[in-house]
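Here are a few friendly notes to read alongside the model. Take them one at a time, with the structure open beside you.

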Amino acid sequence: MTYDISMTPGGYMPVIHVSQGDENRQVTLRLVDAPDSSANYSIKGMRPDGSAVSDTVSLGSTGLINWYIDSEFTEIEGDCICEVVATSGSGRIGSQNFILRVEEAAQATDA
C-alpha cells in the first residue's frame, strides 16, 4: 500500500498499521511537495517506551520512498510517532509526521 505524506507544513498525518511481526515489511511513502529530490531523507521515530529509533531511506526518481521497516520500529506494541526528515548541506529543509501503529503480533498456539 502507498501512503501519501504531504511535506507542506500542517499537512495530513497518516496512520500506518503494522504488526509486531512485520519486520522488513515494505511500506511505500509518496512524498507530496518534497522539498528537494537531491536531499538526504531519513525516518525518525519515538516508540511508546520513549526510545528513539531512526532509519536512512532514499527518495526515488518518482517521489516514492520504499521503506523496509526495521524491527526496532515494530518491537513494542502501540503508536510510534514518526517523521520523514529531509536534510541537505545547510541542515533540515523539511519534515512531516506520521503514526506507525504497531499492533500485537498474533500468538501461535498448539492445537
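1. Look at the contacts (heavy atoms within 4.5 Å) between residues at least 6 apart in sequence: in this chain, 66% of them join residues at least 24 apart. Please keep in mind that this is a predicted model, where local features need pLDDT of at least 70 and side-chain atom pairs count only at pLDDT 80 or more, while totals for chains, interfaces and linings use all residues. Residues are numbered from 1 along each chain as its sequence is written, and side-chain values use heavy atoms, leaving out hydrogens and water.

2. Along its principal axes, the C-alpha trace of the chain spans about 55 × 30 × 25 Å. Of the 111 residues, 36% count as buried, that is, under 20% relative accessible area with a 1.4 Å probe, protein chains only.

3. Now zoom in on Gln-96, which sits in strand 8 (residues 91-103). Is Gln-96 buried or exposed? Gln-96 counts as buried because its relative accessibility is 9%.

Key: Helices (H or I, at least four residues) and strands (E, at least two) are DSSP runs, numbered from the N terminus. Buried means under 20% relative accessible area, exposed over 50%, partly exposed in between (1.4 Å probe, protein chains only).
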